[in-house]
Amino acid sequence: MSAPVADPVAAPADRRETARRGAGLGGFLLRRGGAGILLVLGITLVAFVLTHVVPGDPAAAALGQRAIEDPATVAAFRAQYGLDDPLWRQYVTYLANLVHGDLGISQQTRRPVLTDLGDYLPPTIELALVAIVISLVLGVTLGTLAALYRDRWPDQLIRVVSLAGVSVPTFWLALTASLIFSVRLGWFSSTGQLDPGYPRSPEVTGLLLVDSLLDNDPFTFQMALHHILLPACVLAAYTVGLITRFTRASVLEVLGNDYVRAAHAKGLPRRTVILRHVLRPALVPIITVSGLAFGSLLSGTVLVESIFSWPGLGQYAYKSSLALDLPAVMGVSITVAVVYVVINLVVDVLYGVIDPRIRLS
């Protein structure tokens, strides 16, 4: 058998097309990266002004009432954090330090804010990742079933459940779930990432579930999973309802297309038509919702982390706000802004991967 002969005309054309797509993707990433940097700079300005004009004295909050009566102590504190400088000079100094990766020193913990974020951010990312996985699995499944059984009892039941998911207040759901599934039934743990006194796996990624797997420690993995499931399910309740509703609408729209009817007419199995010809195009708008939902999960974990004593970014932001810890509040704001920019960039790239007809340019 003779080897296939390469087309001398088509091959260069393919290479040109591949190079064009690569250049398009590179230009797209550069443009969106530049826009993202400008967006983060704008957020730093807004957050800096807002945190510095709110009523309250950071020196009094950090030093306490007895120390605040000592003028020398107050003067040293203000000089250390530059609070006596004009606001514009404080902002310029902050930006100059930010360029070098310096987010300042926390007035509450007396540690670099970057170090604090390195400790508090991974538990929140882990909680949000588990919550978004639960949301996608349940939301896409329920939304697809609701569309396939349109106006029948499964559709009506799923619509009621999804409406309840987006309507129930998170703090009420967290308290109720903790009381029923943790206190009464004892199915889940309600506090922290591990039982008190249980040693953590050696830190590699900061994500306890991943680190316990890398350490080949199934007991720590099971305990960590036992602790994270309940807060993750509570956190995912709103997103499950949201994704279910979007999936139902998106699948119904795709089901009405001619190529889906043609696939059925060709005699393809129903499962193949759903998985290959319906779900793939229907996922495009769901990706947008999921990306935004993941960002909101990261920034909206304050109540859930407080109720379940989860040592994450939400608790850090809450305590820093109460203590008027301005560098810490700024650090949290910038972190959330960067996460949003990165998530939106990833979502835009995924558009082209899932549906090649969508051009990033």
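## How two helices are compared

Helix axes here are lines fitted to C-alpha atoms over the stretch in contact, and angles run from 0 to 180 degrees between N-to-C directions. Helices themselves are DSSP runs (H or I, at least four residues), as strands are (E, at least two), numbered from the N terminus.

A word on the model: it is predicted, so local features need pLDDT of at least 70 and side-chain atom pairs count only at pLDDT 80 or more, while totals for chains, interfaces and linings use all residues. Residues are numbered from 1 along each chain as its sequence is written, and side-chain values use heavy atoms, with hydrogens and water left out.

## Where α5 meets α13

Helix α5 (residues 113-148) packs on helix α13 (residues 313-322) with 7 Å between the axes and an angle of about 135°. That makes the pair oblique, the class left over once angles under 35 degrees are called roughly parallel, over 145 roughly antiparallel and 65 to 115 roughly perpendicular.

From α5, the contact (heavy atoms within 4.5 Å) takes in V113, D116, L117, Y120, L121 and T124, and α13 brings L313, G314 and Y316. Sorted by type, that is six nonpolar residues, two polar and one charged. In this scheme Ala, Val, Leu, Ile, Met, Phe, Trp, Tyr, Cys and Pro are nonpolar, Asp, Glu, Lys and Arg are charged, and the others, Gly among them, are polar.

T51 sits in helix α1 (residues 10-53). T51 counts as buried because its relative accessibility is 14%; the cut-offs are under 20% for buried, over 50% for exposed and in between for partly exposed (1.4 Å probe, protein chains only). A polar atom of the T51 side chain lies 3.0 Å from the backbone oxygen of F48. Beyond neighbours within four places in sequence, T51 touches L326, V329 and M330.

V161 belongs to helix α6 (residues 153-167) and, at 48% relative accessible area, is partly exposed.

Most residues other than glycine have a negative phi.

Technical notes: Polar contact = N/O pair within 3.5 Å; in protein donor to acceptor, adjacent residues only side chain to side chain.
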